[in-house]
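Hi,

Here is the structure you asked about, with the notes I promised to go with it. Have a look at the model first, then read on.

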Amino acid sequence: MPGLQKPVRVQRDHWGVAHIYAENQHDLFFAQGFVVAQDRIFQMELWKRSGQGRLAEVLGPSAVQRDINARLLQYRGDWDAEYASYASDTKEILEAFTSGINTYIAEIQKSDWSGLPIEFQIAGFRPEPWKPDDCLNRMAAFSMTDNAKAELKHAEVVNLLGAKKASGLFDFDPQVELDPAPGVDFSGLTGDLLQNLVGSDARIDFAGMPREGSNDWTISGASTATGKPLLANDPHRVMAEPSLRYIVHLVAPGWNVIGAGEPGLPGVADGHNESIAWGFTIFGLDQQDLYIEEINPRNPDEYRTDKGWEPFETRLETIEVRGGGEATVHLRWTRHGPVVWSDGKRALALRWVGAEPGTAGYLGSLSLDRAQNWKDFESAMTRWKVPSENIVYADRSGNIGEHSTGLAPVRKNWTGLLPVPGAGGYEWDGFVPNSDLPHFFNPEAGFVATANHKMIPDGYPYAIGYEWSSPERYLRIREVIQQAQKSGHKLSVADMEALQSDVLSLPARELQSLLRHAAGDNPSVAAKMLLGWDCVVTTDSAPAALYEFWVRELDSAVSRLVVPEGARKAVGTLSLPVTVQALSHPAAPAFDGDAQASRDKVLLYALRIAQAKLEAAQGSDMRKASWGKSHTMRFRHPLDEASQEGAVFDLAPLARPGDGYTVNATHFSDSSFEQTVGASYREIFDLSDWDNSVGVNVPGQSGQPGSPHYDDLLPLWLAGRYFPLSYSRTAVDKQTVDVLELKP
């Protein structure tokens, strides 16, 4: 194995997890690159190309705009500062990691590509060598930074209704009125303008070749069966084949860390070492701003600044396009960032934190992986800039904590909720000190839980964000933990497993209460079904199916009542929490006359429509319906639309419990009940004995069809079960089923 300095031993366990034992850091990351490439090289190649802006070479013309945007967003700053931001030895680690990937590719090439994974053979291209800066892919975390697209949606509604009325249609927290700059022109601005500006986790389709929530918590030993902390995490991202994450165990002098990360990155993003454990959920910082740049009517190569007209920075790029030919494009930047749209009179420039050094997704984990205590953890938080995360912490000494971290721009005179003029007056004034972001150490409550909800306290002095996930998942987690504390029940790993699979719906409880009032003394059969339901959204539940159809009708009905007709297309359907709030506090003009009576009519009418639609979908007797018949999920491979061969890589539709507001979050869109986002990776760490920790990664560790680890974890995941995350050498040896020896 050219490139290795000493022998490396790789032990794979029953579940396909690679435990890598090396004698030095270089060989450790060389081996990680080699091993992950064995399992995921096709996925990694697409990930790399999405960041390079080179998807059109393999997908054809449909990917050209996506490539343009990727090239616009590539890092263009100080490379020494970039490498130094994550850890002092980042460059050496990336060099070793990519060398290992390249060695795997070279091994295949030696055999005249006879060992090339079948996906490449179907797609018709080959993997290419990696460079260290390929791992600094800005598209990897772009989809988890906010809020350019939301700014355009807000602007569109302000243009239609004015700022005051528009503000009432959005669930801002803290409450704030939208603040358009004097004289700003929002005409023609819609969220659709940036539809091709997507992150590398967005589905990559090969169709047409010859188409974000999370939970974490940490609990003090005072409330656990072992007397030591428990920490649980289930980050929610796109559900796909192969899994977005890859579990690995890295052992070498200075390293002993196990957990999951994205295949194209070294280290472990989410896991534990000898001393501490951590997990994360998206914090939701506003890390993007759109600037409306005025183009000089006499010279379209200039834009207005506070110092007069200045030239756009321009670069000519050639994009190779599959099928022959190439696209020549002019990329432009202003002082604020890349130009992502223009109508000839105005240009939208994106300023976002990804232009700053140290903002490649998750690479701050290279420091976090080696933290040994709270002080080290806090130091590592300053290096974690993107994506913004609520990172929970626990250590073997019994401490727990949390730090909501990320690079947060300081806006002194505007909210960041709307595009602003680029000619001056709306500039970032540095970044919020990491120590000023929310954090807790050994809180009095004895636990910390986060679920993408608002973490900033009331009166927080910085405008870092106003749009968060609604708190239902967090409230349910808190409820379960506090019930255990109150009853004296000591929590175990098994309790954490049950909580990660919990599908009790708090919104269902609220709506059930409203329905009881509306139904009165003579409830319909449908109302009786819902009123007798335990609000647990299981796959086999008929009431759950009726409830979910009812919720969809309620959202639609309340949206028609609350949103003025001219703005309905722009606003879309209101979220369930906003709908529940409107129904819980009915008022004019949405509910005329007797507001409660009017509200009750809406509840009952929507229920009749829901019953009819459920019976049309599942049969004439709604009592025989089940939520899982409508709420399904497919693990789709990128090649499934390319050919019949690619379609066989998909896994059959699966019945799913829950919805987007249960702890086991199974999000779906307004147009379908099919799950699109969820917890593909789960971890639960027992700080009393690391070998008692468990995890699961669905559908499997390998992305290679035909591998025994392609989908072997799917039955566990569907049943809410886990496998042991063996950590000690003794435990790993007992579970080892395959050994790979890499020699210099």
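The side chain of His19 sits 2.8 Å from that of His249 in a polar contact (a pair of N or O atoms within 3.5 Å; within protein, one must be able to donate a hydrogen and the other to accept it, and residues adjacent in sequence count only if both atoms are side-chain atoms). A second polar contact, at 3.1 Å, links the His19 side chain to the side chain of Asp13. Before I go further: this is a predicted model, where local features need pLDDT of at least 70 and side-chain atom pairs count only at pLDDT 80 or more, while totals for chains, interfaces and linings use all residues. Residues are numbered from 1 along each chain as its sequence is written, and side-chain values use heavy atoms, with hydrogens and water left out.

Back to His19, which is part of strand E2 (residues 18–21). Helices (H or I, at least four residues) and strands (E, at least two) are DSSP runs, numbered from the N terminus. Is His19 buried or exposed? His19 is buried, because its relative accessibility is 0% (buried is under 20% relative accessible area, exposed over 50%, partly exposed in between, with a 1.4 Å probe and protein chains only). Leaving out residues up to four places away in sequence, its contacts include Arg9, Val10, Gln11, Ile258, Ser726 and Val732, where contact means heavy atoms within 4.5 Å.

Glu402 is another one to click on. Glu402 belongs to strand E18 (residues 400–405) and is buried too, at 0% relative accessibility. Its side chain makes a polar contact of 2.7 Å with the side chain of Ser404. Not counting residues up to four places away in sequence, Glu402 touches a set of residues including Trp374, Asn390, Pro438, His439, Phe440 and Met455. The C-alpha atoms of Glu402 and Phe441 are 6.6 Å apart, though 39 residues separate the two along the chain.

Apart from neighbours within four places in sequence, Glu378 contacts His403 and His439.

Now the helices. H1 covers residues 25–52, and with 28 residues it would reach 40 Å as a straight helix at 1.5 Å a residue, yet its end C-alpha atoms are only 27 Å apart (the expected span is 1.5 Å times one less than the number of residues). Where is the kink in H1 centred? It is centred on Arg40, and the kink is about 95° (the bend at a residue is the angle between axes fitted to the seven residues ending there and the seven starting there). H1 is mostly covered, with 25 of its 28 residues buried. At its start, a side-chain oxygen of Asn24 comes within 3.2 Å of the backbone nitrogen of His26. After H1 comes Gly53, with a positive phi near 75°.

Two helix pairs are worth a look as well. Helix H14 (residues 506–519) packs against helix H19 (residues 595–618) at about 105°, with the axes 9 Å apart. Axes here are lines fitted to C-alpha atoms, for helices over the stretch in contact, and angles run from 0 to 180 degrees between N-to-C directions. H14 and H19 are therefore roughly perpendicular (65 to 115 degrees; under 35 is roughly parallel, over 145 roughly antiparallel and the rest oblique). Among the residues making this contact are Leu514, Leu515 and His517 of H14, and Arg599, Asp600 and Leu603 of H19.

In the other pair, the axes of helix H16 (residues 542–562) and helix H18 (residues 576–584) come within 10 Å and cross at roughly 70°. So H16 is roughly perpendicular to H18. The contact residues include Tyr547, Val551 and Leu554 of H16 and Leu576, Thr579 and Ala582 of H18.

Most residues other than glycine have a negative phi, and most peptide bonds are trans. The Asp146 to Asn147 bond is cis, with omega near 15°, and Asn147 is in the loop between helices H7 (139–142) and H8 (148–161). Val386 and Pro387 are also joined by a cis peptide bond, with omega about -10°. Trp113 has a positive phi near 65° and is buried at 13% relative accessibility. Asn452 has a positive phi of about 65°, and it is buried at 5%.

Cheers
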